[in-house]
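Have a look at the sequence and structure first, then read on.

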Amino acid sequence: MNDLKNKMIILTGGLGLIGKELTFFLAKNNAKIVVLDIKLSKELKKIKNFDSIKNKVFYFKCDVTNLNSLKKVLPKILKISKKIDVVINNAALNDTLEGKPNPNLSKFENFSIKNWNESLKINLNSLFLCSQVFGKEMLKFKDGSIINIASTYGVVGPDQKIYLNKNLKNTFFKNPAYPTTKGAVISFTKYLASYWGKNGIRVNCISPGGIENNQNKDFIKKYTSRTLLGRMAKPEDLFGVVKLLCSKESSYMTGANIIVDGGWTTI
Ligand SMILES: NC(=O)c1ccc[n+]([C@@H]2O[C@H](COP(=O)([O-])OP(=O)(O)OC[C@H]3O[C@@H](n4cnc5c(N)ncnc54)[C@H](O)[C@@H]3O)[C@@H](O)[C@H]2O)c1
């Protein structure tokens, strides 16, 4: 799988928790990484050892839910390389425990249509638009790999019990929109894989389990006990699968959903 050298990889949400790590990993593998994010460029400096990879990273501030923003950025991307090899649709709105959300607002009974629509926009419209805009360029070469990032919550329903505190009260509810969108990411992957299969574009999906990121100890313990490997995920746990799907060594894979969850969804 050492064929990433000089491949152009577009990574949406490249300045998030997983995105920063993927940017570093793919650049270290000598790919050219185009980072599209709404966060400002100063966030790039928070990528570890950024100086060692900076000549391989091309950042554009871009709202990936907005067709005009994508159309504006496309010619700039094509100046770096005419061939887009890989698109990783990673940007999403992921309500997390770390952000100390208000449990009342995330309860299904109270969850607002505004928040529902926002989630659909970021988690799904971005996939539709990025796949359309960048996929059309891939069609010209009859070659490309689209990697969509879903979640275990697109495969199974969220276990709300892991968010209970010591008094058995929910400190947080996984809201209804996130799992709904992630299930749709898996379905969209199958749709596009089937639609573009004959055109040389492969479309696959990765469903990660929860990443450990300074959540409270009690939550980590509860989450961990539901996995078979006895721990939460680290961003690095996704490296191997991402690298495989970027590489020609996965050339007979399309429409797949690869679950990377330490066994959470097995039992
Ligand atoms: N963190 C987890 O535990 C976990 C688990 C399973 C799946 N995932 C999935 O992995 C992916 C990355 O998750 P993460 O934890 O790194 O999330 P994150 O919130 O840390 O990062 C998301 C990034 O997307 C960017 N973004 C949001 N809206 C955007 C827009 N309109 N245009 C451009 N950029 C935008 C944000 O600025 C941010 O940098 C997501 O698809 C998420 O659903 C995460």
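Is Tyr195 buried or exposed? Tyr195 is exposed, with a relative accessible area of 52%; buried means under 20%, exposed over 50% and partly exposed in between, using a 1.4 Å probe and protein chains only.

## Before we start

This is a predicted model: local features need pLDDT of at least 70, side-chain atom pairs count only at pLDDT 80 or more, and totals for chains, interfaces and linings use all residues. Residues are numbered from 1 along each chain as its sequence is written, and side-chain values use heavy atoms, leaving out hydrogens and water.

## Aromatic pairs

Searching the whole structure turns up 8 aromatic pairs. Rings of Phe, Tyr and Trp (its six-membered ring) pair if their centres lie within 6.5 Å; planes under 30 degrees apart count as stacked, over 60 as edge-to-face and the rest as tilted.

Phe25 and Phe239 make a stacked pair, 4.2 Å centre to centre with 15° between the planes. Phe25 sits in helix α1 and Phe239 in helix α8, so their pair ties together parts 214 residues apart in sequence (helices are DSSP runs of H or I, at least four residues, numbered from the N terminus). Phe25 is buried at 16% relative accessible area, and Phe239 is buried too, at 13%.

Back to Tyr195: with Trp196 it forms a tilted pair, 6.3 Å centre to centre and 50° between the planes. Trp196 is buried, at 8%.

Technical notes. Helices (H or I, at least four residues) and strands (E, at least two) are DSSP runs, numbered from the N terminus.
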